[in-house]
Amino acid sequence: MSTVIKRKTTPPIPKEKHWLIGHVGMMKVDAIGMVKNFIERYGNIFSLSVPFYKVVIVSKPEYARYVLLDNNKNYTKSIAYELLKPLLGLGLLTSEGDFWKQQRKLVQPAFHKRKLDELTEMMIERSEHWVDRIDAHAKKGEAFDVLPEMTALTLDIISKAIFSKGVEDKAQIVGEQITLLNEYTIEKIHQPVRMPDSIPTPFNRKARVSMALLDKIIYEIIDERRAEGVSKDDLLSMLIDARDEETGESMDNKQLRDEVMTIFLAGNETSSNALSWTLYLLSQHPEHEARMVAEINEKLDSGMPLTFNTVNEFQYVRQVIEESMRMYPPVWMVGRRTIAEDEIGEYRIDPKTNVLVPIIFFHHSEQFWEQPERFMPERFAQEKRNAIDRFVYMPFGGGPRFCIGNNFAMLEMQIIIITLYRKFTFKLKEGFKVEAEPLVTLRPKYGVQMVAERRA
Ligand code: HEM
């Protein structure tokens with residue numbers, strides 16, 4: 001008598017789909033709503049129908065942990081990261097395997113606490129400089145979009161962190177071109193039919209000119225720095241000087257370019273969105289704003305200096321930012337792709353399946369949070385913080401590919417919020433509706449129009 005081994009099946013596919021394009025149309029209209037709806041009806045693991053690709057969505061902390069951490073060796077990044085490769089090459093965000101591991105070791109020291117301590121003064125100085133810009137808006141009493149302001153400020157900070165001084169004009173062009181190329185990437189996601197990059201459409205030509213200019217400038221900066229032969233106190237010098245412990249190898253110019261570009265983009269787009277959402281949420285919750293401002297004033301009025309060592313004393317500021325990233329996680333979904341066949345729960349996952357972890361769902365689920373739609377910074381109070389599962393709250397991802405810049409980002413955002421709210425309050429422009437748009441990051445679709453008022 002032969003034994004029949006029953007093969008596990010792949011996760012169920014929701015029935016509501018288009019005969020040709022499957023779930024793609026629904027995803028374009030309202031990706032978050034669709035995922036939420038399917039989770040409610042099909043449970044915490046299901047497949048999506050996407051032409052040419054296998055896609056599975058998991059929404060259980062154990063599954064997220066399995067994919068991102070426990071069995072991460074069987075996963076590469078998902079297909080979506082391919083979109084970023086023309087811009088970022090093989091930088092940390094988009095590289096894989098042993099190559100990524102070696103690069104992570106080389107780049108890590110640039111984000112050590114000692115380095116962040118050295119960057120704090122610059123972050124404060126640039127944030128204070130921004131007070132003048134905001135003041136110009138406040139004096140006019142006009143509404144302005146805070147998203148481009150936060151983008152410009154975080155670009156200013158990241159470019160000073162990477163290049164320090166002496167290349168301000170070039171750094172500005174780098175910032176402008178990266179912002180532009182990021183916009184192109186987003187536009188490309190929106191295109192109904194995506195033309196290969198090699199076809200010289202007007203769109204692709206624009207992107208290519210921008211990329212060529214960006215590369216030229218970054219290589220110039222690297223060449224000049226190498227020619228100077230002097231190590232500066234910035235991330236670029238740290239990356240140029242970094243040596244593999246065993247082989248003594250360092251990065252060539254192409255790799256330096258990819259890492260610089262990655263840090264520029266990853267360190268800007270995410271933080272500027274998080275800050276814009278925080279300003280918006282505070283404008284909708286004056287009681288929490290008042291509590292935060294009371295903390296800022298009490299500490300600063302008592303003579304406490306704002307430094308790397310004191311920034312975490314502003315506990316409520318940290319709680320506000322953490323709660324803001326719970327409600328509006330700038331990276332709303334992360335994705336991986338199976339190498340070999342795998343099993344998740346009771347299902348079979350085929351090789352080359354894109355397994356997506358919708359962070360935003362974890363952050364808004366009643367399973368894990370009391371009144372998830374309410375803005376309650378109190379849930380991140382120190383005594384409660386440790387009880388939060390790191391695969392339920394994961395604005396910076398999880399596992400070995402966890403955000404390398406998380407401490408940089410928290411420090412920068414805390415400093416910016418403290419500096420701005422010491423001087424201003426921000427009110428949403430009357431009648432302005434804020435809408436979230438889930439693209440590469442979760443952005444306010446039409447920006448956030450606000451009026452700044454100086455505190456008396
Ligand atoms: C609010 C701000 C930020 C958020 C929410 C955020 C979020 C994330 C997330 C979720 C990932 C993991 C992606 C994945 O698993 O596929 C990631 C990776 C990464 N982030 Fe951030 N990030 C932020 C700020 C920064 C900053 C300031 C920098 C650099 C200065 C940075 C650099 C990176 C890099 C290089 C990676 C790739 C790490 C690797 O794969 O080894 N991020 N970030």
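**Close-up 1. Helix 5 and helix 15 make a right-handed crossing.** Here a crossing is right-handed if the near helix is turned clockwise from the far one by less than a right angle, and left-handed if anticlockwise. This is a predicted model, where local features need pLDDT of at least 70, side-chain atom pairs count only at pLDDT 80 or more, and totals for chains, interfaces and linings use all residues. Residues are numbered from 1 along each chain as its sequence is written. Helices are DSSP runs of H or I with at least four residues, numbered from the N terminus.

**Close-up 2. Residues of helix 5 (113-140) meet those of helix 15 (406-423).** Contact requires C-beta atoms, placed from the backbone, within 7 Å. Helix 5 brings residues including Leu 116, Met 123 and Ile 134, while helix 15 brings Phe 408, Leu 411 and Lys 423, among others. The contact divides into 10 nonpolar, 4 polar and 3 charged residues (nonpolar: Ala, Val, Leu, Ile, Met, Phe, Trp, Tyr, Cys and Pro; charged: Asp, Glu, Lys and Arg; polar: the others, Gly among them).

**Close-up 3. A shell of 23 residues surrounds the ligand.** Gly 267, Thr 270, Gly 397, Cys 403 and Gly 405 are the closest. Helix 10 (253-284) gives the most to this shell, with 7 residues, and helix 15 supplies at least two. By class, 15 of the shell residues are nonpolar, 6 polar and 2 charged.

Notes
Axes are lines fitted to C-alpha atoms, for helices over the stretch in contact, and angles run from 0 to 180 degrees between N-to-C directions. Two residues are in contact if their C-beta atoms, placed from the backbone, lie within 7 Å. A residue is near a molecule or strand if its C-beta atom, placed from the backbone, lies within 6 Å of it.
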